[in-house]
Amino acid sequence: MDKFMKAAIDEAKKGLAAGGIPIGSVLVIDDRIVAAGHNQRVQRGSAILHAEMDCLEKAGRLKAADYQRATLYSTLSPCDMCSGTVLLYGIGKVIVGENKTFQGPEAYLKERGVQVTVLNDPECISIMEQFIADKPELWNEDIGV
């Protein structure tokens with residue numbers, strides 16, 4: 001398994017252990033993790049702290065050239081909000097653990113020039129399927145249903 005997706009999965013597990021939604025993300029620049037995050041909507045009572053948003057917040061202010069060299073890893077396909085942030089900052093690559101349980105606007109990202117790779121990772125799928133089965137109301141809240 002890719003070491004960066006493994007780090008994102010570790011973040012997802014941290015979120016789950018803290019009572020949250022098990023989605024994790026890491027931002028990689030020049031083959032180095034510069035930030036990691038996990039969904040914290042439950043833990044922080046936040047409307048926007050999806051894993052990707054938490055990760056980017058932890059990265060702090062970066063230069064445009066840094067974002068352009070970056071790859072964002074996420075255990076789950078990024079939603080509209082997180083995909084919009086990818087576009088806003090010009091992140092050129094997104095590596096998705098899985099999009100079976102939820103698929104964000106991947107086609108739109110691709111149309112806008114973002115390289116999107118979906119791994120269909122069995123562990124990412126299993127983590128989300130179990131969570132959705134165990135806590136469907138919390139999952140539906142997270143995706144705005």
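**View 1. Helix 3 meets helix 5.** Glu 52, Met 53 and Leu 56 of helix 3 touch Met 81, Cys 82 and Thr 85 of helix 5, contact being heavy atoms within 4.5 Å. Sorted by type, the residues of this contact come out as four nonpolar, one polar and one charged. Here Ala, Val, Leu, Ile, Met, Phe, Trp, Tyr, Cys and Pro count as nonpolar, Asp, Glu, Lys and Arg as charged, and the others, Gly among them, as polar. Helix 3 and helix 5 (residues 80-89) pack at about 35°, with axes 8 Å apart. Axes are lines fitted to C-alpha atoms, for helices over the stretch in contact, and angles run from 0 to 180 degrees between N-to-C directions. Helices (H or I, at least four residues) and strands (E, at least two) are DSSP runs, numbered from the N terminus.

A word on the model: it's predicted, so local features need pLDDT of at least 70 and side-chain atom pairs count only at pLDDT 80 or more, while totals for chains, interfaces and linings use all residues. Residues are numbered from 1 along each chain as its sequence is written, and side-chain values use heavy atoms, with hydrogens and water left out.

View 2. Strand 1 (residues 24-29) and strand 2 run antiparallel, joined by six bridges. Leu 27 has Ala 35 as its bridge partner, and Ile 29 stands opposite Arg 32. Two residues lie between the strands, and Asp 30 takes a positive phi near 55°.

**View 3. Helix 1 against helix 7.** Helix 1 (residues 3-17) and helix 7 (residues 122-134) pack at about 15°, axes 11 Å apart. That makes helix 1 roughly parallel to helix 7, a label for angles under 35 degrees. Met 5, Ile 9, Lys 13 and Leu 16 of helix 1 make the contact with Glu 123, Cys 124, Ile 127 and Phe 131 of helix 7. By type, that's six nonpolar, no polar and two charged.

Technical notes: Angles under 35 degrees count as roughly parallel, over 145 as roughly antiparallel, 65 to 115 as roughly perpendicular and the rest as oblique. Two strands pair if DSSP finds at least two bridges between them.
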